Amino acid sequence: MTCTYRSGLFPLLLGSLLACSLGCGGFEDSESNASPDVGPPDAGPPDARANTGRLAVASSEPGSGSEAAMDLAPGDSKASTSSESREAMLAILKGGLDGNDQSVELVRTVDAELYRDRDETPGSDQWVTRAKVVDESGEVLWNDRIYSMFQLLSFLQTAFSDIYEVELSAQQIVGFAQTTFPELLEFGVHIPVGIEGGHEYVLELENDEGDFQELARLEIDELVDQAEPPQFDGEVETLHETGAPSKRLDVAILSDGYTASEREEFESDARAVVDRFEETTPFPKHLDRFNVRTVWTPSAESGASYDCTEADRALGITLCERFRDTVYEFTFIVDALVDEYGLATPSSASRLGLPLQVGKMHEIAALAQYDEIILLSNSARRSGFAGMYTSVLTTFDDGERFPDVAVHEFGHSFGLLGDEYFISTDPCLYNPDLALPPNVSETSTYDDLKWNEWIDESTPLPTPDAQADDHDVGAYKKAYNCEDLYRPSHTCKMRDSQREFCPICNQQLVRRVYDYVDWLEAGYPKVERVNGGTLRFVADFREENSQVGVRWRLGDESIGGGKELRLEAGEVGTEWTTIEAKMVIDSPHVREIGPDLEKTFTWWVRSESG
């Protein structure tokens, strides 16, 4: 899952592989079926010999006279990058504090088959930790924003301050974890190991001024040499599979708090989650890009730690206020900290639950070659949380509602979406030093709204709640649990998990799917000669659930769509002109097509005469 193809590589490969020589520059149909060698990246089309009624075609702008090869697919970087170059390894890291200075140490590396599926990593400026791969001279070959322990630390401080009106320092929270459950400070990262020239993996943390300070610098070859097989066992079963893990978004569903006798219950709960994805827009049209697997690990005890329901509290039951022996030690963490520090528990108990065994969770998920994790905790107390590439939730009912919560939390961890609700007892999540999620805005001004291409001219801004039936997209007040932020729709799954995603969230989720996968898989266009005067251009992409469309142009003129184009000699002049195939994701959920959802391939053609 590495990102070896930086922006400069695409035009080089395009020039060297996106090439055909049909009856020109030395190619004779009658003499051989073999294609000449591919010319250099800056090669232009050959000088065509006189041959009345034939079409000449090449892949580069005229100029050099070098020959090009026939019937090769265009050389987009993804097409020519092997699965080995996407390889990644799992590293378990641990964050800490030394006074006010943050630090990161390596816990272990795991020898597991993993890939970094995202071809280019735009990252998220909502996350404060940055990862880089650099060569020996320090040049950055790849970078990404990642979720780390430091994001969680900031969240816990905010939660205690706003919900419990208790100011706990970062040192106090880290100190509790270090002395009680140090694994809570661990986090798992996928380190690219197939980037040519990649020498070191560097982690940096953003400070309040927006500058990055180095946390760790790890030599990649040493990490590979130190890797050991997974320490833990788990039984992997496939629920949904459409392709090789190196080419798919891979989701692992894990079990916590299910005893050996409750395995069927876990399997039923996991199936309910997959079924809900199959029913929830926009996923049904894109599940051909997903693999979903479960990893079964029985727990010694059933339930979760500090698993007190409101009914328990009403009856004065306190036996539930303890740690249970479960695989990942899912814990209602705020209640545990309140108990540790002897604080009064508020009448509205916290819904925040976390797995304390974070490194173990990532290591077991690696058995299923994961990109994203959904952790199911067998608790009747409702909870949902997202972070660390993980959606964590309890199975608090009999499949009626918790699968919707799983999809909602996946909207956070995978889609990078923000909550659109407002609950007075929960903290406002706004941090002015970090960018807001794509579905949350500071302003209701049209020009400054991220989703203004979806807003109709008649929509008032800000949009009154009373007009929700009239305006699917606007700027509705209260979002991210803050009174003065705005959300795009009155009601959305990010506000109420039982509802559908709003248009803006659908758009973001579709874009994220195609951040991860090569959507042109097996669909790179090629050109074939039908006869001397006819060429056939074909974009032979997969049909199942495909959202791919092709738009063809001859010079400046649009000449239609579809996966195939036939071009006759009489349609083309004797001067070189271009044939362009623009392949796009034609999704009704995406209003503005960007470079992440389109690729353009170009050939040069002319009719030979004389």
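**Close-up views of a predicted model**

**View 1. Tyr-201 and its neighbours in the core.** Leaving aside residues up to four places away in sequence, Tyr-201 touches Ala-131, Lys-132, Val-133, Trp-142, Ile-146, Val-189, Ile-191, Pro-192, Ala-216, Arg-217, Leu-218 and Ile-220. Please keep in mind that this is a predicted model. The largest nonpolar core has 75 residues, and Tyr-201, Leu-203, Leu-254 and Ile-333 are the ones that touch the most other members. Another core, of 70 residues, lies apart from it and includes Phe-266, Ala-406, Cys-492 and Val-527. As a general rule, nonpolar side chains in soluble globular proteins tend to be buried together.

**View 2. Helix α5 and the elements packed around it.** Spanning residues 263–279, α5 has 17 residues and reaches 25 Å from its first C-alpha to its last, close to the 24 Å expected at 1.5 Å a residue. Which residues of α5 are buried? They are Arg-263, Phe-266, Asp-269, Ala-270, Ala-272, Val-273, Val-274, Arg-276 and Phe-277.

**View 3. An open sheet built around β25.** Five strands make up this open sheet, in the order β1-β25-β24-β21-β22, and their pairing is antiparallel. β1 and β22 (557–561) stand at the edges with a single partner strand each, so one side of each has no neighbour in the sheet. From one strand to the next, the twist averages 30°. Strand β25 (residues 598–608) is mostly covered, with 8 of its 11 residues buried.

**View 4. Bridge partners on β25.** Strand β1 (residues 54–58) is joined to β25 by 5 bridges, and here Arg-54 stands opposite Glu-608. Strand β24 (residues 577–585) is joined to β25 by 8 bridges. In that pairing, Ile-579 has Trp-603 as its bridge partner, while Glu-580 stands opposite Thr-602.

View 5. The bond from Thr-281 to Pro-282 is cis, with omega near 15°; Pro-282 is found in the loop between α5 and β11. A cis bond also runs from Leu-461 to Pro-462, with omega near -10°. Pro-462 is found in the loop between α9 and β17 (476–479).

View 6. Tyr-306 is not a glycine, yet its phi is positive, at about 55°. This residue sits in the loop between β11 and α6 (310–314). Is Tyr-306 buried or exposed? With a relative accessible area of 6%, Tyr-306 is buried. Leu-416 likewise has a positive phi, near 60°, and lies in the loop between α9 and β17. At 7% relative accessibility, Leu-416 counts as buried.

View 7. The protein averages a pLDDT of 81, and 81% of the residues score at least 70. Among its elements, β9 has the highest mean pLDDT (98) and helix α1 (residues 9–17) the lowest (24). Over residues 1–52 pLDDT stays under 50, although the model has 170 contacts beyond four places in sequence for them. Residues 64–84 are also below 50, with 82 contacts in the model beyond near neighbours in sequence. Where pLDDT is low, the predicted coordinates should not be read in detail.

Terms used
Residues numbered from 1 in each chain as written. Predicted model: local features only at pLDDT ≥ 70, side-chain atom pairs only at ≥ 80, totals over all residues. Heavy atoms only, no water. Helix = DSSP H or I, 4+ residues; strand = E, 2+ residues; numbered from the N terminus. Expected span 1.5 Å × (residues − 1). Buried < 20%, exposed > 50% of the residue type's maximum accessible area, 1.4 Å probe, protein only. Core = buried A, V, L, I, M, F, W, Y, C linked by side-chain atoms within 4.5 Å. Contact = heavy atoms within 4.5 Å. Pairing = 2+ DSSP bridges. Axes fitted to C-alpha atoms, helices over the stretch in contact; angles between N-to-C directions. pLDDT = per-residue confidence, 0-100.
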